[in-house]
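Visitor: Can you walk me through this one? Keep it quick, and start with the overall picture.

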Amino acid sequence: MLKSNIQIIAGKHRGKKLYMAGENTRSTKNILKESVFNTLQFEVVDSIWVEVFAGTGSIGLEALSRGAKYAYFIEKNMDSFRVLNRNISECKEESNSKTILGDSFEEIWEVVDELKRNKQKAYFYFDPPFAIREGMDDVYNKTIKLIKSIEPEICQMIVIEHMSGLEFPETIGSLEKTKSRKFGKSTLTYYIPKED
């Protein structure tokens, strides 16, 4: 476990460096994170976040630092999960968050059910392992299929961090693409529910 150069950019935890679990985690670069939160700005206050493939938890913790009400974190790798919990603990955000150990494609339904029960909408952040990694060839197809089944009544917005050069469709289920922004090897693509 080592402290990384990933840190919280703004809010009450500003400047706090996060731990990383060695090479298992490809943490979201500060420039991408800054872009996401500059896009949303004041919408973050009192919002709910779901960080899928959470890794260090840098997106959810950034949201909490900026005034989000609650964050869910889903992480499959045990080492990364331990580090994630340590990062949450160091930020003293245990009461405002829930961590779930397991495969994001399976465990996300626990979060979806909870949001439905509570009649809440969330910002979903997807940062799947890059498809060039071994065993990850179909990760983006699976991600699109998963996003397709997230109902608009629980979805404020979906942000996908993915390999540049990969074009995501204009619509996924009841969601429509609003923009894509490229940052070197990574791109952020945004979706919101279609207006009736």
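Guide: Of the 196 residues in the protein, 51% are buried. Buried means under 20% relative accessible area, exposed means over 50%, and partly exposed is in between, with a 1.4 Å probe and protein chains only. This is a predicted model, where local features need pLDDT of at least 70, side-chain atom pairs count only at pLDDT 80 or more, and totals for chains, interfaces and linings use all residues. Residues are numbered from 1 along each chain as its sequence is written, and side-chain values use heavy atoms, with hydrogens and water left out.

Visitor: How many helices and strands in the protein?

Guide: Five helices and 10 strands. These are DSSP runs numbered from the N terminus: helices are H or I with at least four residues, strands are E with at least two.

Visitor: And what is the accessible surface of the protein?

Guide: About 9600 Å², and carbon and sulfur atoms hold 47% of that. The areas come from the Shrake-Rupley method with a 1.4 Å probe; for residues, only the protein chains shown count as cover.

Visitor: Among contacts between residues at least 6 apart in sequence, what share joins residues at least 24 apart?

Guide: That share is 59%. A contact means heavy atoms within 4.5 Å.

Visitor: On to charges. What does the salt bridge count come to?

Guide: The count is 11. The rule asks for a side-chain nitrogen of Lys or Arg within 4 Å of a carboxyl oxygen of Asp or Glu.

Visitor: Which residue does Glu93 pair with?

Guide: Glu93 bridges to Lys12, with 3.2 Å between the closest N and O atoms. The pair links distant parts of the chain, 81 residues apart. Glu93 sits in the loop between H3 and S5, while Lys12 sits in the loop between strand S1 (2-7) and strand S2 (17-20).

Visitor: Is Glu93 buried or exposed?

Guide: Glu93 counts as buried because its relative accessibility is 1%. Lys12 has a relative accessible area of 57%, so Lys12 is exposed.

Visitor: Where do Glu90 and Arg86 lie?

Guide: Both are in helix H3, four residues apart, which is about one turn of the helix. Glu90 is partly exposed at 29%. Arg86 is partly exposed too, at 35%.

Visitor: Which residues are linked with Glu62 in a network of salt bridges?

Guide: Lys33 and Arg66 are in that network with Glu62. Between Arg66 and Glu62, the closest N and O atoms are 2.8 Å apart. Glu62 is buried, since its relative accessible area is 0%. Arg66 comes out at 21%, so Arg66 is partly exposed.

Visitor: Let's switch to serines. Where is Ser47?

Guide: Ser47 is in the loop between helix H1 (30-40) and strand S3 (48-52). It counts as buried because its relative accessibility is 8%.

Visitor: What does the side chain of Ser47 make a polar contact with?

Guide: The side chain of Trp49, at 2.9 Å. A polar contact is a pair of N or O atoms within 3.5 Å; within protein, one must be able to donate a hydrogen and the other to accept it, and residues adjacent in sequence count only if both atoms are side-chain atoms. Leaving aside residues up to four places away in sequence, Ser47 touches Ala68, Lys69, Tyr70 and Tyr123.

Visitor: And Ser95, buried or exposed?

Guide: Ser95 is exposed, because its relative accessible area is 63%. Its place is in the loop between helix H3 (78-90) and strand S5 (97-101). Ser95 and Tyr70 are 25 residues apart in sequence, with C-alpha atoms 8.5 Å apart in space.
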